[in-house]
Amino acid sequence: MVDDAVPPPVRVELLGPLGLVVDGSAVDVRGPKRRAVLAILAFAAGRTVPVGHLVDALWPAEAPSSGRSALQAHISRIRRHLGLASERLQAVADGYRLDLSAHELDVVEARNLLAEARGRMGDDPAGALDLLRKSHGLWRGPLLADLTDITDIATSVEECRQLHRDVTDTLIHCAIDAGQSAGVVGLATSWRSVDPLREPSVLLAMRVLAATGQSSEALAIGRRFRTQLADEMGLDPSPALAELERGIAGGGAGPPAGRSGSPRVPRSRLIGRDRQVAELELLLGRERLVTLVGPGGVGKTSVAMEIAANGSEVTVLLLAPLSDPAAIPHALAEALNVNVIRGDVVNACAAVIGDREQLVIVDNCEHLLDAARDVIVTLLDACPRLTIFATSRESLGLAEEFVSRLTPLPLPSGSSGGLAVPSVELFVDRGRRVRPDFEPTASQLETVSEIVSRLDGMPLAIELAAGRLSTFTLTDLRDRLDRSLDLLGGGRRTGDVRHRTLRSTIEWSYDLLEPDEQLMFRRLTVFADGIDLAAAEQLSQNLGLHADPGAILARLVDASVVNVDFTGGTARYRILETIRAFGIDRLTAENEKAAAEDLLLDWAIECSRDIGAGLMTDREPEADAALRRELGNLRVAWRLARRRGSMDAAVWIVNALFDAISYRDLIELRGWAQELADDPGLLAHPGAPIAFGVAAEATYHGGDHQRAVELSQIGLGCATNPSQTWTCLAALAVTALARGDHPQVIEYCLAAEKVTPRPAEPLGVAALAATYSGDIEQAQIFNTRGRAGANFPSMVAWNEYVTGEIENFAGNGLTAEEHYLRAIDLARSTGATFLIGISTVGLLTVRSRSGRIREALGGYLEVVDYFARTGNWTHLWAALRNLADLLDDLGDRRIAAMLHAAADQAPDAPAHDRSPTPGVVVPGRTTLLDVARTAIEQQLR
């Protein structure tokens, strides 16, 4: 028997030709498009890749009209390649993700080995060297040579090449430190020949040769490099070469390459920023001014100090301790060790730098932005070979500036967790500084994952939280994070007041904003999941702000108190949770919280109405996307409405989202409707009849048919006119259909047809009742009448599904399959997942009867998991009965009898005309599903 809880291992190899290994066996993935899809999903390392992004990557010029269908075909083939591990390739919203652990993806494994080795080099160079050799051995040849015409892959391949350079450089450097230079002579010399003008590889080769007694060869390499660099590039080498040559000539191996003259080192090990540091160092090689921007506490200074430690000619100018703009030139002179007695200080500093190659790091510019900008412009104009790396919470606004944004550390997601996640690794590393015995168990690592996620991956917040392990247990710390702004205080007592508490770090940015900007920021904080530009403009209008809302948003983004996300082609403005907590505190302090919450509820009502109306038009796909995009904010508004006792807001939100509750398997929304129906205050509200019907529909999907009938009857009882009864009649019809009371179904449906805004729905249910009772001709009459009222995509899909059922029961399998497939395609385009599920069940019966047994069995695996995941046992029982019939035909009569007997005994199973099977032992539902899955797997072998 197959244990579904332990899927076979998978490995994707990207550091060479594309490779896929499933359960220890190599799988041949054919076709460049399919291989590209697999590579892009693997490079995403567990993140969701939107469908549109994949289509654009595969067809960059212009996607064919069948692009999405072609992509779906490639996805299906990749799932087949994955075999029993096909669940690793998951459909998520409008995208796909490939779920791989760190050791199942060679790129991630190589990066993690490098990070671990760097952490051990100081104390255990031999152990670090073993890790680096293992990392270096993961490269198997030219990287994805047949796929680099795809821009996404070419970009990722370049990142892999940079990683290869980092691994190789570190391996050679570590071998020297471990006294094992002889083992890397060949590697060092061949590595230098790959790029003869790359100074770090030249210096490493010289050090290795000198350490193995080949000083003359080492010095000869240095001379050739100096000459070649001058002839081909017109450049001089860095002072590090001359210092190394002096060391070798004096009988030693010289100082570590690239480290001489470094003015500072990071105060603690930098975690999770290797990629960003490498990218910034590449940028600094080609850009004269690079500004690293990001919110306070994201780690800009730490990254800057890491770059300073890696360089040779670096000057660091710290602006955080300064409050007077006039002090900047003097601080620069001090950093350059220039004593200016009289005259212009900045010009004197520029004269000292002259035409030398030098990197100047200007840290924390935001509070002295104008003065810092003036000094930087003067230096760049006067010093042609100077490079400046600035950090700030907003850009300098200079034409020659290259702006790079530093985001929070990656967070745990899905099965990805543990110390391989940088945010978790940072917490554990800093926690060990206050509790050296801190070795978290697997369950404790889950708590750490929750802590760092609630802190948005912000390094400062994580470090402060980890420091509190000196006082709290992990659980105590997690439970008190709602007070994080004050809990995470009392840190370093330095002259930089921003580092004393998390609150003061954020306040620093807030105080730099103009009053209108501060007001907009405060009001945005009630939107837990951000807002789009249109909502922000409406908010600005409601607040009576005079400035352009777009300009205010741009300023908030520039000041790094608001993040902007362009995923999906639209701008979404979000605030990190720790910053949002500060804004909510400010709302309270300014006596604005009630007014801000009022606006949130008004927005939620209007948003729900717009979405609900849009779901019943040809704009349904856009409305579905808006619903899923705004669900986080609607959730906050719902809980606020319930906490305040705002019956108006709760009723209008639920009533507007009936279509979402019926067809979209958003379990949370169904829970809202049921919660509202349990509130005694609902009976007095004018929207109660619709609301009770919505709750009845939600309860039907949950399998409690009797309660669904009760709620419908309550709704009918408080209706004051027929137009308020349609949701109750709809719920009564489907519950009667589940009971097999077909005449009652038709009666309810014909009554609903007269009052509903969506007549295709009740007429379709009536057609199903006629079909299941054997009256195909009447079913076709109802369904044809319903087709005329199918005026939006999911209703067209519903009509196609009903047509498929009629044709299926009439014995026209091929015609039924066409209608089922059209229903599935339409429903998928609109997010109507429930319609996909029920149409798939019908489709599988056709495929079973037509002899396509493997297709049917594979489909049953998916549909059983789908209905189990959504909790819709009524339809799951129908699928299990159909599966039982198939298993019985295949000879597995014991399992078939068990599935039928379980459905016979289940109160939420739809009525069935077969005789109960006596004497069959029925297990619990979880076990029953495991038995069904195992039976399918055995048949597929």
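This note goes through a predicted model of one protein chain, from the whole chain down to single residues.

1. Basis. The model is predicted: local features need pLDDT of at least 70, side-chain atom pairs count only at pLDDT 80 or more, and totals for chains, interfaces and linings use all residues. Residues are numbered from 1 along each chain as its sequence is written, and side-chain values use heavy atoms, with hydrogens and water left out.

2. Confidence. The average pLDDT (the predictor's confidence in each residue, from 0 to 100) of the protein chain is 85, and 92% of the residues score at least 70. Residues 254–267 have a pLDDT below 50, yet this stretch has 41 contacts in the model beyond near neighbours in sequence; contact means heavy atoms within 4.5 Å. Residues 490–500 are also below 50, with 22 contacts in the model beyond near neighbours in sequence.

3. Overall form. The protein chain has 43 helices and 14 strands. Helices (H or I, at least four residues) and strands (E, at least two) are DSSP runs, numbered from the N terminus. The radius of gyration of the protein chain is 33 Å, close to the 30 Å that the globule rule gives for 941 residues, so the chain is as compact as a globular protein of that length. This radius is taken over C-alpha atoms, and the globule rule is 2.2 Å times the number of residues to the power 0.38. Along the principal axes, the C-alpha atoms fill a box of roughly 100 × 65 × 55 Å.

4. Surface and contacts. Of the 941 residues, 54% count as buried. Buried means under 20% relative accessible area, exposed over 50%, and partly exposed in between (1.4 Å probe, protein chains only). The accessible surface of the protein chain comes to about 39,600 Å², and 51% of it belongs to carbon and sulfur atoms; the areas come from the Shrake-Rupley method with a 1.4 Å probe, and for residues only the protein chains shown count as cover. Among contacts between residues at least 6 apart in sequence, 68% join residues at least 24 apart.

5. Nonpolar cores. A nonpolar core is a set of buried Ala, Val, Leu, Ile, Met, Phe, Trp, Tyr and Cys residues joined through side-chain atoms within 4.5 Å. The largest has 117 residues, and those with the most contacts inside it are I361, F389 and F427. Helix α27 (residues 620–644) gives the most to this core, with nine residues. A second, separate core of 81 residues includes A85, I153, C174 and L244. Leaving aside residues up to four places away in sequence, F389 touches L280, L284, V290, L292, A304, I307, L359, V360, I361 and V362.

6. Helix α41. The 17 residues of α41 (residues 873–889) should span 24 Å at 1.5 Å a residue, and the end C-alpha atoms are 24 Å apart, which agrees. The expected span is 1.5 Å times one less than the number of residues. This helix is mostly covered, with twelve of its 17 residues buried; among them are W873, H875, W877 and R881. G891, with a positive phi near 100°, follows α41.

7. Helix α17. For the 13 residues of α17 (residues 442–454), the span at 1.5 Å a residue should be 18 Å; the end C-alpha atoms are 19 Å apart, which agrees. The buried residues of α17 are L445, T447, V448, S449, I451 and V452, and they pack against α16 (422–434), α18 (459–467) and α19 (474–479). D456 follows this helix and has a positive phi, near 60°.

8. Two loop residues with positive phi. Most residues other than glycine have a negative phi. L144 has a phi near 45° and lies in the loop between α5 (125–136) and α6 (151–177). At 0% relative accessibility, L144 counts as buried. N364 has a positive phi of about 70° and is found in the loop between β9 (358–363) and α15 (369–382). N364 is buried too, with a relative accessible area of 6%.

9. H74, in helix α3 (residues 67–82), is buried with a relative accessible area of 16%. Not counting residues up to four places away in sequence, H74 touches K33, R34 and V37. I824 is in helix α38 (residues 813–830) and counts as buried at 6% relative accessibility. The C-alpha atoms of I824 and V362, 462 residues apart along the chain, are separated by 57 Å.
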